Amino acid sequence: MTPTPETPPVPNYQNAPHEADPMDLFMPALQDAIEQLEVMHDAWWRVNDALLLLHNMETVDPAFMPDALADLEVLRVKIGHLKHAVRWELDEQRQRMDARAVQAMTRSPEDTAALRTQLAQADLNLSTLYQHLLQLGKQCGQPLVQELSGHASGFPPPMWDAEVRVSLDYMLNDDHPLYDDRSNNHLARQEPINWHVNAEGVKSREMDDDPQQDNWLDYKHAWMSRQGWLTHDVLEHNYGHHPHFGVAALLHTGFIWVEVNTVRSYVFDLNSGRFIAQEK
């Protein structure tokens, strides 16, 4: 008897165009539109600065500048309105997609109870992570404090300014059907810490996040009764860092890549030929 051949595994690529969910094409297009509008807004500032520099030149027709600046201001307002409208549409579509995904995960009362339990635990784990991030940020900032309060000359040169930044990348669980070894499997990026450092210390801005008394949830939520700071920030204020991120994506997150960066800034005085420090 001829054995029945095994069914070949389904490859982990995205669907071909004729099989794709239209939303999988629409959402990245909206995300790209927001990014291009940001580029347009940055370009507006450069054009505006250039016109202001021309404004005081004697060779420029004085009748030209007021109209040019007025037209440019109209363009700035229109870019802002369009960016707001696209961002709003992106958020609305993200919420619809997330609701459909969660609904597909809750086909029975047992599924619903398990989902609520999993979300509650993920939220508590993120609150624990936030406390670790506060410690990491302060610890990584201490060498900057020492350097800022130390050298007045010599090498290393006197530091002018410093920052501590922490970013989080939420990564798809490696047992998820959509996990792909050839992809970065990135679900969302979050930047919860950006602290200034000076000679007096790390100027940390800490959010209240004690699970026993703090709740950042500011409206009636379908699946959660409590949100810590990181949970609330990534679900409600992620501002387009990834259009698909929501409750369903949080449930599909396997691990979070934590990156701590310190930024050292120096000023070199070309006239004296040396690095200089801020005056105390």
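Reader: In β3, which residue is the bridge partner of H196?

Author: This is a predicted model, in which local features need pLDDT of at least 70 and side-chain atom pairs count only at pLDDT 80 or more, while totals for chains, interfaces and linings use all residues. Residues are numbered from 1 along each chain as its sequence is written, and side-chain values use heavy atoms, with hydrogens and water left out. Helices (H or I, at least four residues) and strands (E, at least two) are DSSP runs numbered from the N terminus. In β3, the bridge partner of H196 is K203.

Reader: Over how many bridges do β2 and β3 pair?

Author: Two strands count as paired if DSSP finds at least two bridges between them. β2 and β3 form a hairpin with two residues between them, and N198 has G201 in β3 as its bridge partner. The pairing is antiparallel, and its number of bridges is three.

Reader: What is the order of the strands in the open sheet?

Author: β1 and β2 run antiparallel and are joined by nine bridges, and V164 has W195 in β2 as its bridge partner. The open sheet has four strands with antiparallel pairing, in the order β3-β2-β1-β4. Its edge strands, each pairing on one side only, are β3 (201–203) and β4 (253–265).

Reader: What angle does the direction of α4 make with that of β2?

Author: Axes are lines fitted to C-alpha atoms, for helices over the stretch in contact, and angles run from 0 to 180 degrees between N-to-C directions; contact means heavy atoms within 4.5 Å. α4 packs on the sheet and touches β1 and β2, its direction making with that of β2 an angle of about 120 degrees.

Reader: How many of the eight residues of α4 are buried?

Author: A residue is buried under 20% relative accessible area, exposed over 50% and partly exposed in between (1.4 Å probe, protein chains only). The buried residues of α4 include W229, L230 and H232, and the buried residues of this helix pack against α2 (64–104), α3, β1, β2 and α5. α4 is mostly covered, the number of its buried residues being seven.

Reader: Is D123 buried or exposed?

Author: D123 lies in helix α3 and, leaving aside its neighbours within four places in sequence, is in contact with M224, R226, Q227, G228 and T231. Because its relative accessibility is 2%, D123 counts as buried.

Reader: Where in α3 does a kink lie?

Author: The expected span of a helix is 1.5 Å times one less than its number of residues. For the 40 residues of α3 this gives 58 Å, which agrees with end C-alpha atoms that are 58 Å apart. The bend at a residue is the angle between axes fitted to the seven residues ending there and the seven starting there. A kink of about 30 degrees lies shortly before the proline P143, at Q142.
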